[in-house]
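User: I would like to go through the labels used for this chain and ask what each one rests on. Please set each value against its definition.

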Amino acid sequence: MSEQLVELNVTGMHCNNCAMSIHKLLEKKGLQNVLVSFASEEVKFSTSDETALPQIIKEIEGLGFKVIDDLNPHQTYFYEKVENKFIFCAIFTAPLLLHMLFPWHFLHNPIIQLMLCLPVFIVGCMHFGKSAFSSLKNGVPNMDVLIFIGSASAFIYSLTGTIQHLGEHYLFYETCATIITLVLLGNVLEKRSVNQTTSAVKDLMKFQQVNANRIIKDGIEIVNAREVQTGDMLLVNEGDQIPVDGEVLSGDALVNEAMITGEGIPVSKTKYDMVIGGTIVQQGNIKIMATKVGSNSVLSQIIDLMKKAQAAKPPVQKLGDRVASIFVPVVILIALFTFVITYFATNTGMQQSLMNAIAVLVISCPCAMGLATPTAVMVGLGRAAKNGILIKGGDTIEAVANTKYVLFDKTGTLTNGKFSINQIKAEEGFDEELIRGVITAIEERSNHPIAKSLVAGLQGQLQQKVILRNVKEEKGLGMRAEDINGNHYFLGTAKQKTNDSFNLSLYKNQVLMAQIAVDDTIKPDAASLIAQLKKAGITPVLLSGDKKSRCLAVSKAIGIEEVHAEMLPDDKLKIVDIYRKKGKTIMIGDGINDAPALTQADVGVSMNDASHIAIQSAKVILLNTDLQSVVKFLQISRHTLLTIKQNLFWAFAYNIIAIPIAAMGFLNPMVGAFAMAFSDVIVIGNSLRLKIKKVN
């Protein structure tokens with residue numbers, strides 16, 4: 001059974017710490033591609049057993065969260081919002097801090113301090129305590145355990161001092177209240193920051209939330225784009241967003257397709273042209289027929305791929321996940337050792353020993369480790385998408401690091417894929433008009449770029465139409481067909497070559513009918529791309545099924561030294577394997593014959609106008625056919641991985657340095673809580689730099 005991506009909407013998550021609890025629970029159950037975002041309240045994972053879903057939902061809710069139906073908007077109460085909890089706690093914490101700065105004797109009264117601290121502590125118990133208890137009960141202790149133990153220790157110690165009238169030196173109510181308030185502030189900042197990293201998918205989803213002008217008998221009715229059915233006639237006016245994928249029936253328009261391709265220059269659309277839902281009519285008016293709606297539309301498939309991409313973890317994240325999984329128990333042990341050693345070995349006293357232990361608890365931050373990778377990946381994927389580069393998985397970003405070889409298919413990749421018939425050499429006894437008719441009839445059934453170009457070029461020259469009963473495409477070889485009279489045809493690359501200028505042969509009942517010379521043009525930016533790859537220390541390789549003479553001509557023109565020509569799909573697989581053994585290998589192609597090689601390479605890259613099979617086989621799709629997208633993809637991937645490493649370094653370094661400092665008594669618990677609250681924001685802020693950072 002194939003694995004399905006499950007998406008759940010989960011409320012009650014207030015920081016990445018909550019997300020990590022759910023993440024650990026799902027990974028313990030053996031689920032794959034787990035992604036939990038507290039900011040968007042989404043939980044995603046892959047499973048092949050959908051019957052286990054009710055139990056999974058039950059266990060998530062056992063952690064203290066609520067799984068809701070996305071179709072029914074849920075109400076968030078005032079007291080549930082983390083922003084309101086912070087404001088409430090800050091009002092009571094401020095006077096407790098003021099008594100440390102000003103000699104206001106009434107604020108030094110233990111009962112006054114208790115009354116000010118108690119509301120904050122109750123919020124802390126409800127916010128952190130509930131989460132801590134649920135995580136311990138399910139065997140996945142989270143950071144709330146540390147915060148709750150630290151704040152509760154300060155409160156209970158202070159309460160004991162108040163009841164026994166032990167004096168001011170036993171009162172740490174301000175420590176308890178400040179820890180809770182500052183961590184809540186960190187939660188608020190964290191949620192707002194992470195929201196920005198997840199904006200790429202949300203921005204795309206906004207394009208789906210539009211109305212459509214549906215043409216009916218009595219005129220026009222305005223409906224939501226989700227209500228449009230295949231076959232509906234729609235009117236799209238100047239300035240409107242095209243609601244669904246469709247075919248132009250009448251009218252002319254300039255359409256801005258930047259949200260799909262990243263290319264800002266409007267594209268002219270006339271009768272029979274295809275339009276994509278979410279793109280905008282900048283000039284003109286068109287009537288279209290809806291061809292793809294709902295989950296079948298291009299935009300929906302891109303959103304689906306983006307969501308799946310976010311769920312695919314880079315291997316570098318596994319280190320952070322492993323550390324985070326044992327972090328809480330280790331920190332609790334360190335805090336206990338700190339208290340025992342400080343109290344019994346150094347005779348420092350109960351108060352200072354307790355403060356040192358509490359400081360260790362609140363300075364520790366597994367959240368930063370948990371946020372280091374997903375935030376950078378989300379921003380990187382979003383930036384790539386806005387440049388017309390669709391990356392199917394976060395793991396792909398790491399896979400392209402230290403790339404040694406980039407293997408290119410020739411036709412439609414380095415060349416325009418716009419072919420024209422230069423010459424048809426008819427064999428004796430065969431009429432050229434019949435040959436043109438056979439070629440057109442066969443190639444009409446193919447998705448290959450050569451086929452599309454040949455059909456377009458021959459349409460106006462047809463005098464004789466051939467009716468075919470069936471047509472079959474053979475990967476890397478050509479097309480086989482049978483007409484209604486039982487004649488069998490083969491059109492493709494022939495092994496017997498009499499002249500290098502002819503690259504296609506047409507057979508009828510195994511008898512050669514004609515040889516065809518087809519020419520293609522090199523893309524204008526191909527030479528520039530090859531030069532940039534070489535400058536970056538990457539070796540470009542030409543891997544094509546085309547004739548050796550044509551491959552050598554193209555390679556010489558653009559500067560590729562390593563050429564493998566006349567390769568069948570199996571041959572391409574072997575070549576890809578050879579290069580993979582020598583170093584990281586990227587394969588870029590567009591045809592059905594490239595699909596196996598795209599899958600075999602470390603990373604397969606497909607052009608947007610490629611065959612459906614090639615697009616499915618690739619890990620990266622270039623929505624913009626400009627070859628500079630290849631360089632942009634490598635640059636964005638490299639900087640995203642660099643950002644992940646910077647984030648992980650900061651997260652590890654922060655904890656490695658901060659915990660010993662706190663254990664030695666050089667850090668007040670309140671300062672520790674402040675530092676912990678902002679450590680997440682620093683990691684997220686570094687990730688957000690990717691949005692505007694110059695990549696080269």
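Predicted model: local features only at pLDDT ≥ 70, side-chain atom pairs only at ≥ 80, totals over all residues.

User: What does the secondary structure of the chain come to, and how are the elements defined?

Analyst: The chain has 23 helices and 24 strands. These are DSSP runs numbered from the N terminus: helices are H or I with at least four residues, strands are E with at least two. Buried residues make up 54% of the 696 residues.

User: Why is Arg 214 called buried?

Analyst: Buried means under 20% relative accessible area, exposed means over 50%, and partly exposed is in between (1.4 Å probe, protein chains only). Arg 214 has a relative accessible area of 15%, so it is buried. Its place is in strand S5 (residues 211-216).

User: What makes the pair of Arg 214 and Asp 232 a polar contact?

Analyst: A polar contact is a pair of N or O atoms within 3.5 Å; within protein, one must be able to donate a hydrogen and the other to accept it, and residues adjacent in sequence count only if both atoms are side-chain atoms. The side chains of Arg 214 and Asp 232 make such a contact at 2.9 Å. Arg 214 also touches other residues, including Ile 220, Val 228 and Leu 234, where contact means heavy atoms within 4.5 Å.

User: Why is Pro 569 called buried?

Analyst: Pro 569 has 9% relative accessibility, so it counts as buried. Pro 569 lies in helix H19 (residues 569-582). Its C-alpha atom is separated by 9.5 Å from that of Ser 544, 25 residues apart along the chain.

User: How do you know that S16 and S17 pair?

Analyst: Two strands pair if DSSP finds at least two bridges between them. Strand S16 (residues 478-483) and S17 have 5 bridges in the antiparallel sense, with Arg 480 opposite Phe 490 in S17. Their hairpin has 4 residues between the strands, and Gly 486 there takes a positive phi near 90°.

User: With which strand does S17 pair over 4 bridges, and how covered is S17?

Analyst: The partner is strand S18 (residues 504-508), again in the antiparallel sense; Leu 506 in S18 is the bridge partner of Leu 491. S17 (residues 488-492) is mostly covered, with 4 of its 5 residues buried.

User: Why is Asn 509 called partly exposed?

Analyst: Asn 509 has 37% relative accessibility, so it counts as partly exposed. Asn 509 is found in the loop between S18 and strand S19 (511-519). Its phi is near 50°, a positive value in a residue other than glycine.

User: Why is Glu 566 called partly exposed?

Analyst: The relative accessible area of Glu 566 is 41%, which means partly exposed. Glu 566 sits in the loop between strand S21 (562-564) and H19, and has a positive phi of about 55° although it is not a glycine.

User: And why is Met 664 called exposed?

Analyst: Met 664 has a relative accessible area of 55%, so it is exposed. Met 664 lies in the loop between helix H22 (628-663) and helix H23 (669-688).

Conventions: Residues numbered from 1 in each chain as written. Heavy atoms only, no water. Lists of a residue's contacts leave out its neighbours within four places in sequence.
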